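Subject: Structure for you to look at

Dear colleague,

I am passing on the structure below, together with some notes on what came out of going through it. Please open it alongside this message and read the two together.

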Amino acid sequence: MSGNGSAATSSSSIVLAAGKGVRMKSATPKVLHELCGRPMIWWVLNALRGAGVRDVIVVTSAENDAAVTAVAETLPGLEFDTAIQVEQLGTGHAAQLALRQLKRREGTILIAYGDMPVVDAALFRSVIAACDTLTAVALVTARMPLPSNFGRIVRDGEQVARIVEAKDCTPEELAINEMNAGIYAFDETALRGVIDHLRADNAQGEFYLTDTIAMLAGRGDRVVPVVSDDARTVLGVNDRVELSRARAAINERLCIEHMQAGVTIVDPASTWLEPELTIAPDVTIYPNTAIGGATTIGRGTRIGPNCRIYGATIGEGAQITESVVLDSTVGPHATVGPFAHLRDGAVLEPDVSIGNFVEVKDSRLHARVKARHLSYLGDAEIGEDSNVGAGTITCNYDGERKHKTKIGKNVKIGSDTMLVAPVEVGDGALTGAGSVVIRDVEPGDRVAGAPAKSIKKAAKPAR
Ligand code: UD1
Ligand code: CA
């Protein structure tokens, strides 16, 4: 074994992600299945990046190579390459391929699997640190309840002697509850010394990376176990049951981070978060709410229950209940819901109030606008302090094109008004209940009927 880089300078890694994942029973390659808004492999690469690993080679298959590359490109700061494994002949074979592609160097090389999304940066850091200059390999192990499909750690006294895959275990070996997590920090020279001697003489007829442990231990090299105290962190995802468990674990971690930063989450188990959200202190999230995308939420806002929020900017002190907000802005102290739908660039300025069964699409509602019941507001601009009566519709689509509706300040739109766009309603105007507005309405005018006509004179008391 040759000289080894210190843990702090170690930066090379291999992630194995070419497996078909047959147990997923899916047309989607396993490492692309989604957890908390990101593909499985994103979580592994993000943890590597968090551990300071800058240089990653991912072993992919022909099927998932392009998609895995696209995922890696969303992680700035990661030097990334792939090695395509055409035939999946086992984890040892995958590692061989990657090593052949990598320039030979001295130091530590981390190898991890792409199907362990719950892994965190701290665990990567500790296994890298454990591979000191005297060590051929440090590997993560974890005690787990039986039965289990993980490879078993067979010890000879205190020493790790070998790893035996569950399918190759004797009954005695199957009773061992110390498992191989699938995270290894190898001295690269030591690994290169054994990797090409693997044989596929096992139950699955595969080249096992795990067999390198017995080879290194057998020739007297130092093998250091790093025992993880939380088996959940190293959960391998092989089927959709494990996928749901991993998702719950990641989600819990995301909720804990926000709670520790001052957010009240009433029920973390039914609150689904994605990474990279910005949530201010003293926000309260009620149950059965999902928040994702590049969402920002201001201080004191209350969201939920039963909300779906994606790509939203929400000001402070807003209140959103039982509603869907997608790619939209909710201003400070605005109220939304229950049962409202904002989408495609809806902008609510401060103190706007949107009530039940109101859909707002690509529209700007200025301060204090109220639309409290049963409306569709699309491609519209509504001036401050205007009130939109129940059942109002912006008829923005003529069957071919979308048109704009412009409503001024202090306007009162009567219940069940149809605004046939393109159309403008001036400041201070009023429409009667059931109006069908097909022509612009002058400021201060009052219109009613179908089609709507001015009733201003008639409305004055006759004398
Ligand atoms: C593997 C380990 C096992 C460990 C477990 C932890 C081996 C032989 N076994 O078992 O000891 O307890 O992980 O989760 O390593 N892959 C390739 N190319 C291949 C085969 C697999 O890239 O030819 C990738 C897969 O995409 C996957 C990873 O390697 O991400 C592990 O393969 P998998 O088949 O899931 O191994 P396990 O049976 O879970
Ligand atoms: Ca696995």
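Please keep in mind throughout that the model is a predicted one. Asn238 is likewise buried, with a relative accessible area of 14%.

Because Asp115 sits in the loop between strand 6 (108-113) and helix 4 (121-130), while Asn238 sits in the loop between strand 11 (223-228) and helix 8 (240-260), the pair ties together parts that are 123 residues apart in sequence.

As for the chain as a whole, it contains 9 helices and 40 strands, and its C-alpha trace spans about 115 × 40 × 40 Å along the principal axes. The radius of gyration is 30 Å, whereas a compact globule of 463 residues would have one near 23 Å. Of those 463 residues, 51% count as buried, and the chain exposes about 20,400 Å², of which carbon and sulfur atoms supply 51%.

Among contacts between residues at least 6 apart in sequence, 43% join residues that are at least 24 apart. Finally, the chain carries 48 positive and 56 negative charges, and the mean positions of the two sets are 7 Å apart.

How values were computed
Residues are numbered from 1 along each chain as its sequence is written. Chains are lettered from A and ligands numbered from 1 in the order in which they are written. This is a predicted model: local features need pLDDT of at least 70, side-chain atom pairs count only at pLDDT 80 or more; totals for chains, interfaces and linings use all residues. Side-chain values use heavy atoms; hydrogens and water are left out. Helices (H or I, at least four residues) and strands (E, at least two) are DSSP runs, numbered from the N terminus. The radius of gyration is taken over C-alpha atoms; the globule rule is 2.2 Å times the number of residues to the power 0.38. Buried means under 20% relative accessible area, exposed over 50%, partly exposed in between (1.4 Å probe, protein chains only). Contact means heavy atoms within 4.5 Å. Accessible areas come from the Shrake-Rupley method with a 1.4 Å probe; for residues, only the protein chains shown count as cover. Lys and Arg count as positive and Asp and Glu as negative; His and the chain ends are not counted. The place of a charge is taken as NZ of Lys, CZ of Arg, CG of Asp or CD of Glu.
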